[in-house]
Amino acid sequence: MAELKPRLWAFLEVMMYSLAGSIPVAAFFILAFFPGYVPFSITETGTILILTPLLVGVLFGFMLSERDLRSVAAGTLVIVISSSILVTAFIMSPILAGVASAAPAVAPGEVLEIYIAQRILLFIVLSFPVLLLGAVVGRALSERVVPSEELRLELEQLRKETREWHELLERRAELQRQEARSARKEEPGLEPKK
Amino acid sequence: MNRVRALLLTAYLVIVVVGGVIYVQSLSNMVLYTEADQKFPSSIYVNEVRIPRYAGVQDYSIICSFRFENPARVPIRLRAFSFEIAIDNGAPGNPYDEVRLTSEKIGEAAESLGDAGPLIDPGGKLIRSYAMRVPAADSSLMNHLNANGNYTVILYGLAVSYGYSGTTLLRQFWPGIMTVEVAPIG
């Protein structure tokens, strides 16, 4: 049970950051693809589509600096899946809210499921690689900028051992020097005459 | 906590909050705009049609006003409106036949308001009046009273363009033909 607790915490941490990260990724995808429903307009949709997952990915990678790379990759997948759910919920919201029998984004004659599948596929293709790249880069950078507790302890231990080795070597060198000095004193030519 | 980590966590939270606000706002707009799109097209009525004659004036005048009601929960901005008007000549056959309507046409009105268009508040209404003159030369078109001694005014070719405040979304619809019986004045 005691072993399970830290693993559960780690899982919850990854899930929490992933679910939180899925909100901006979905929001900015909506901003780019459904600009009419957003309170402000943007012109650089391409930049938004690339930069948002990259930025979220990098920060996500940073946040998981104490977790291994597999957790980061799994978290990225969770971000993409939950973002897809949020985008689907957005498209279907008028139907779910009961104000319309068909989604307004879907043109007459178009099948809702196909429309959603196309958008989600496009969303995954556009965001997943960038998000994963950002997360891996963020995770790699975090080792330098904000090393994990485990890594920090390892480094401290290594430094301590290195210091001890240095001290040991210095002591040994000092002993050798002392031995050499006493050996010179004991040489016959240098012995005091009786 | 490391200072850099705290800073990055704050940045992450800021992005999440901004994204959350955008998402909730978009979701809300999607529902509200769709509801408005469903209800608004059936909330346009002919408020009044008058055909006054003024002493000493040969030309006819037609004053037509429309009432735009907003049954939705979001303000609607009227961006453009146009229609054509005809007076039924009472001949047998389909009174809404396109060719026949063209021959009976009195005039047309159109206005493009764009972003400066009036805003109709939720539950509110807007009345727009349009006046047109029928030159004396075309007065033969006005010589058709129905059995009740009234004009049968046909409003057709209606086109409404509207949007919502603060967005680029533009919607258009074409209400069906409206017929009004109008008593001659003067």
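Figure 1. Glu111(B) is exposed because 12 other C-beta atoms lie within 10 Å. The model is predicted: local features need pLDDT of at least 70, side-chain atom pairs count only at pLDDT 80 or more, and totals for chains, interfaces and linings use all residues. Residues are numbered from 1 along each chain as its sequence is written, and chains are lettered from A and ligands numbered from 1 in the order in which they are written. Glu111(B) sits in strand 4 of chain B, residues 105-112. Strands (E, at least two residues) and helices (H or I, at least four residues) are DSSP runs, numbered from the N terminus. Setting aside neighbours within four places in sequence, Glu111(B) is in contact with Ala80(B) and Phe81(B). Two residues are in contact if their C-beta atoms, placed from the backbone, lie within 7 Å.

**Figure 2. Surroundings of Tyr164(B).** Tyr164(B) belongs to strand 7 of chain B. This residue counts as buried because there are 22 C-beta neighbours inside 10 Å. Apart from neighbours within four places in sequence, the contacts of Tyr164(B) are Tyr33(B), Val74(B), Ile76(B), Arg77(B) and Leu169(B). Arg53(B) is 111 residues from Tyr164(B) along the chain, and 39 Å separate their C-alpha atoms.

**Figure 3. Chain B as a whole.** Chain B has two helices and nine strands. Their order along the sequence is α-β-β-β-α-β-β-β-β-β-β. Chain B is more spread out than a compact globule, because its radius of gyration is 24 Å, well over the 16 Å that the globule rule gives for 186 residues. The radius of gyration is taken over C-alpha atoms, and the globule rule is 2.2 Å times the number of residues to the power 0.38. The C-alpha trace of chain B spans about 90 × 35 × 25 Å along its principal axes. Of its 186 residues, 26% are buried. Among contacts in chain B between residues at least 6 apart in sequence, 74% link residues at least 24 apart. The average pLDDT of chain B is 90, and 99% of the residues score at least 70; pLDDT is the predictor's confidence in each residue, from 0 to 100.

**Figure 4. Chain A as a whole.** Chain A contains five helices and zero strands. Along the sequence the pattern is α-α-α-α-α. With a radius of gyration of 31 Å, well over the 16 Å that the globule rule gives for 194 residues, chain A is more spread out than a compact globule. Its C-alpha atoms fill a box of roughly 120 × 45 × 25 Å along the principal axes. Chain A is divided into domain 1 (4-146) and domain 2 (154-190), with bounds from an automatic or database domain assignment. The centres of domain 1 and domain 2 of chain A, taken over C-alpha atoms, are 60 Å apart. In chain A, 31% of the 194 residues are buried.

**Figure 5. Where chain A touches chain B.** The contact involves 30 residues from chain A and 29 residues from chain B. On the side of chain A that touches chain B, helix 1 (4-33), helix 2 (45-63) and helix 3 (69-96) each supply at least two residues. Helix 1 of chain A gives the most, with eight residues. The residues on this side of chain A are 27 nonpolar, three polar and no charged. Here Ala, Val, Leu, Ile, Met, Phe, Trp, Tyr, Cys and Pro count as nonpolar, Asp, Glu, Lys and Arg as charged, and the others, Gly among them, as polar. The predictor gives the complex an ipTM of 0.81 and a pTM of 0.79.

**Figure 6. The largest nonpolar core.** This core has 61 residues, and Ala26(A), Phe29(A), Ile30(A) and Leu59(A) have the most contacts inside it. A nonpolar core is a set of buried Ala, Val, Leu, Ile, Met, Phe, Trp, Tyr and Cys residues joined through C-beta atoms within 7 Å. Elements that give two or more residues to this core include helix 4 (112-145) of chain A and strand 2 (60-69) of chain B. Helix 1 of chain B contributes the largest share, twelve residues. Not counting residues up to four places away in sequence, Leu59(A) touches Gly138(A), Leu8(B), Ala11(B), Tyr12(B) and Ile15(B). Another core, of 15 residues, lies apart from the largest one and includes Ile51(B), Tyr60(B), Ala86(B) and Ile154(B).

Conventions: Buried ≥ 20, exposed ≤ 12 C-beta atoms within 10 Å, placed from the backbone.
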